[in-house]
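Reader: I would like to learn how to read this model feature by feature, with the general idea given before the particular case. Could we begin once the sequence and structure are in view?

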Amino acid sequence: MGLVAEDIGPALARERFLGGGSVEGSVRDPILSSWQRCRSLGLSPAGCELPYTEELDLEGRLVRAAGPVMDRLEAMFAGRNMNISLADERGAVLERRFGDAAMARRLAPIQSVPGFVFAEKYGGTNGIGLALAERHLVSIYGAEHFAERSQSNACSAIPVRDLLNGRIEGVLCFGFPYTDADGSLDVVIRRAAGVIERRLLEQSSARERALLRAYLDARRRVPADGSAGGTGGVTTGGAGGVAAGLTGGVGGPGELAASGLDWRDQMFLKEKATELISSAQRAAVEVSLPGGRRVTLLSRPVTSASGVQGVAIEVLLPSRRQPLTVPTGADETPGLLARRDRSPTAPPSADSASGPLPSHVTARPPGAPSGTTAEPHVTDQAPGAATSGLVLVGEPGVGKYAVAARRRLELLSEASTRIGTTLDVSRTARELAEMAVPRLADYVTIDLPEAVLRGDEPTDPRKDLHRTVVHGIREDCPFYPAGERVDLKPTTPQLRCLTSGETVLEPDLRSATGWISQDPARAQRLLAHEVHSLITVPLLARGIVLGIASFYRARDPAPFGDDDRSLAQELATRAAICVDNARRYTREHSMVLALQHSLLPHAFPEQNAVEVAHRYMPAESGVGGDWFDVIPLSGTRVALVVGDVVGHGLHAAATMGRLRTAARNFAELDLPPDEVLFHLDNLVGRLDREECGDDPAAGNTGIIGATCLYAIYDPTSQRCAMARAGHPPPALVRPDGTVTFPDLPAGPPLGLGGLPFETAEFPLPEGSQLVLYTDGLIEDRHRDFDTALEQLRRALAHPNRPPEETCEAVVRAVVPEHPADDIALLVARTHALDPQRIATWELPADPALVSTVRGSVTRRLADWGLTEAGFAVELLLSELVTNAIRYGTGPIGVRLLYDRTLTCEVSDRSSTAPHLRHAAITDEGGRGLFLVAQLSQAWGTRYTAEGKVIWAECALEVPGGRPGPAGVPLAEVSFDDIPAI
């Protein structure tokens, strides 16, 4: 809080504010909020008349506690222009002290005489009023005051609280010329307020000690035949009273061990005793201890010599076979527990079980005779004897504070397990509201920026707020509904909370003009529903404000206090961490999902071999590494591949993308399935070694595991070759609806290395369906594996169904309700290439036959209506056949395939592959493959068991598409049968 000269900064900002201008950023947030409240209250800077009251408690506990502190401060500031004032919780000044005694004569009465009320609603922005409004240390300099009369002054003020209940008992304020401002004054005023608060607490402790003395005096006056006379050990109780008897005291822990009360039993007894004290009623309550014993707690009213009323709690324990050792000599230390004969058959009543002590214990006035105290007397106890002793003595009001404090701790403990059970932002926010209602508040609303709901970091949390949660004891309370955009005005507690990043408490909403100004009509409806107090807390995590949580009270007529504010702030802080974790997870999940979708195929290339449908479903726990692909191959064939990378998250998705890219590259080599898996296996092993590195302590896990199924379908032969690496086998659906799971050699998962993969071939008639999937479809911890396979079999057992409908049926029937692993599903229905579109020739390795092949090809192209492509195809085949005759081994095979493209294939028994090269000007050869590459859209070499195939694809101006029903060439199609109009 810096000091600014009066002719700049606050002075000009004050003038602009009073003139109706905007001063945000020019004035500190607490000052601006106070100015706005003053203006909404209709205060005038020239007015601000302070009321005077004579109803001052000048002999009260606050004045008594502050007396020595005020004396010390007066001496400390002797000779300085320092005005030290003490005000009560209303803002009425109780006492004034001056560093210079002459100040009392020259200052105006409102600055020198007790009795004036400095509450903000009367005096505007001033130290005492702002400290009561902000509820923490404040400093005001010069023009920051709202009233004209205080422009040359500065002040620091701090609330003084009762440490037992957290309520503000008064305000300590330093007033001085603003030119004398010193940062060390904040330290002094904090320490002084702390001493006053400690002395207030000591007053409560003194009253409790007086109650304990009254109780013990009464016990000493008990006749010798009624009690053993031991007073028991005494300590100050931290839970709402003074503990005695069962705290260990002077009797030592030995007697407690003999009675069977360990420290857990003692703590439990103190908690129950505190509840009895807070109830302020006489009672006898049977209690089951954690150790298994059952005891009785007795409560008895006690009045001290000064008239303080309290409650004493005694415990009655059934005796054991080993009686407690109680000193009997007058010179021995009294024991912890006094003995009385009790009947163990039933819990004693509050009247009969209290022994010879009177029902209401009253201390004798000072100086009165104490009566006769009997010497302790112990006899052998009968089996039905019992032991009693004092547990706690305290005031009922203090006991209520202790019970409330314990319940707050219980709420926080429970919140740590109930908030953040999921990684969903909206659900986490709702868990905070459900945790707070009704134990802290009656209604809770939570507003989050749209960016947080998306998983992004908010740039300005004050903008684009959306009501995310509305939760309360009733559903008809007229808050802004969930899902609606919320535009907050600067004067609202919520926006003040967002701007400052601090909790804002509005004890009385009826006088909260900033809150009412947001929506006066709605505010009146809320007040009509008895909503009267508000705490707004910023959801702050890792320095980022994620939103606002607003806690409203309705049923309890008492306003929220500082303890409630602290509890709300602690709850919101814990929830904010969970919300931020959920937000970051949402962002990372969205990023991984976007990466996963970008790495999966968006559309498959056009081909006629199979009709394809697919599904990808991420797991509930996150995106994994499942993938699939459809890759067109030479000779109208197609490769179908499905894979799975173990794990979830970014690493699995990135690994999946690398494997899919590698699989496409290996497929371009026209390798058989087992060789593709072999190369993928080597790749995974190499990647795993590279990622793990040489240092196992680096924490790099590498690729944990991956599986793959690779299949190649040939529509010319209607056969499918496939191999798998640790992947589930596919399902084959015959045209008649019969479903089988082929016995395909399993093969090891990718990355193990050293083990072979095997390829198996199966006939697939046209209209069959090949169903490939990942293990997430059939593996579920809540379902047997065989059951899942049977469900899949039933879902697939339908003939003549399109692949899209098959995917839908499988998703409905087989996919688990809450998948623990992601699922990839690929359904391919096979087609066959019409034999009329396949032409084959076989010839010996004779160069003279090249012209014969060209003529045969030209005639077949004419039959297919592809005369225009004849020249390029003839030239292609001439080069390829000549190359095979010259460098290969006969016999030579020639095949033409008419599909979407025209494929020319030349095969021989040699395994040597041709290579494209640039021929020099003087070279006689080396230009044949260059011509092939120029005349075709793609060419390559495919190795077979008998040798190799060199193929080239020629693009067609009109794609061949699917053949007609009878396989009639397009050139022979007639339109003569179309009737006239």
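Reader: In which loop does Thr-774 lie?

Author: Please keep in mind throughout that this is a predicted model. Thr-774 lies in the loop that runs between strand E28 (769-773) and helix H20 (785-796).

Reader: Is Thr-774 buried or exposed, and which residues does Thr-774 touch beyond those up to four places away in sequence?

Author: A residue counts as buried when its relative accessible area is under 20%. Thr-774 is at 0% relative accessibility and is therefore buried. Once residues up to four places away in sequence are set aside, Thr-774 touches Asp-626, Val-642, Gly-643, Asp-644, His-727, Pro-728, Asp-822, Ile-823 and Ala-824.

Reader: How should I read burial along a helix, and which residues of helix H1 are buried?

Author: The idea is to list the buried positions and then to look down the helix axis. In helix H1 (residues 10-18) the buried residues are Pro-10, Ala-11, Ala-13, Arg-14 and Phe-17. Viewed along the axis of H1, these buried residues fall within an arc of 165°, so they line one face of the helix. Helix H2 (29-40) is included in what covers the buried residues of H1, and just after H1 there is a positive phi, of about 95°, at Gly-20.

Reader: What does Phe-17 touch, when residues up to four places away in sequence are not counted?

Author: Phe-17, which is found in helix H1, touches Val-23, Leu-32, Trp-35, Gln-36 and Arg-39 under that condition. Phe-17 and Gln-36 are 19 residues apart in sequence, while their C-alpha atoms are 9.0 Å apart in space. Arg-39 lies over the face of Phe-17, at 4.1 Å from the ring centre. Elsewhere, the charged end of Arg-837 sits over the ring of Tyr-898, 4.2 Å from the centre of that ring.

Reader: How many aromatic pairs are there, and how do I read their geometry?

Author: Rings are paired if their centres lie within 6.5 Å, and by this rule the count comes to seven aromatic pairs. Phe-17 and Trp-35 form one that is tilted, with 5.4 Å from centre to centre and 40° between the planes. This pair links distant parts of the chain, since Phe-17 is in helix H1 and Trp-35 in helix H2, 18 residues apart. Both partners are buried, Phe-17 with a relative accessible area of 3% and Trp-35 with one of 1%. Phe-604 and Phe-628 form an edge-to-face pair, with their centres at 6.2 Å and 65° between the planes. Here too distant parts of the chain are linked, with Phe-604 in the loop between helix H17 (562-599) and strand E20 (610-617) and Phe-628, 24 residues apart from it, in strand E21 (residues 624-632). Phe-628 counts as buried, at 1% relative accessibility. Tyr-443, Phe-479 and Tyr-552 form one aromatic cluster.

Reader: Which residues touch the most other members of the largest nonpolar core?

Author: In soluble globular proteins, nonpolar side chains tend to be buried together. The largest nonpolar core here has 55 residues, of which Trp-627, Leu-640, Leu-677, Leu-680, Tyr-710, Leu-750 and Leu-770 touch the most other members. Helix H18 (residues 650-668) supplies the largest share of this core, eight residues. Leaving aside neighbours within four places in sequence, the contacts of Leu-750 include Leu-677, Leu-680, Asp-681 and Phe-757. A second, separate core of 37 residues includes Val-425, Val-437, Leu-546 and Ala-549.

Reader: How do I read strand pairing, and in what order do the six strands of the open sheet lie?

Author: Strands of a sheet pair through backbone hydrogen bonds, either parallel or antiparallel. In the open sheet the order is E16-E15-E14-E19-E18-E17, and the pairing is antiparallel. Strand E16 (485-486) and strand E17 (504-506) stand at the edges, each with a single partner strand, so one side of each is left without a neighbour in the sheet. Strand E14 (residues 443-449) and strand E19 (residues 544-553) run antiparallel and are joined by five bridges; the bridge partner of Val-444 in E19 is Phe-551.

Reader: Over how many bridges do strands E1 and E2 pair?

Author: Strand E1 (residues 83-88) and E2 pair in the antiparallel sense over five bridges, and in E2 the bridge partner of Ile-84 is Arg-97. E1 and E2 form a hairpin with four residues between them, where Gly-91 in the turn has a positive phi of about 95°. Strand E2 (residues 93-98) is mostly covered, with six of its six residues buried.

How values were computed
Residues numbered from 1 in each chain as written. Predicted model: local features only at pLDDT ≥ 70, side-chain atom pairs only at ≥ 80, totals over all residues. Heavy atoms only, no water. Buried < 20%, exposed > 50% of the residue type's maximum accessible area, 1.4 Å probe, protein only. Helix = DSSP H or I, 4+ residues; strand = E, 2+ residues; numbered from the N terminus. Arc of directions from axis to C-beta. Contact = heavy atoms within 4.5 Å. Phe/Tyr/Trp six-rings, centres within 6.5 Å; stacked < 30°, edge-to-face > 60°. Lys NZ or Arg CZ within 6 Å of the ring centre and 35° of its normal. Core = buried A, V, L, I, M, F, W, Y, C linked by side-chain atoms within 4.5 Å. Pairing = 2+ DSSP bridges.
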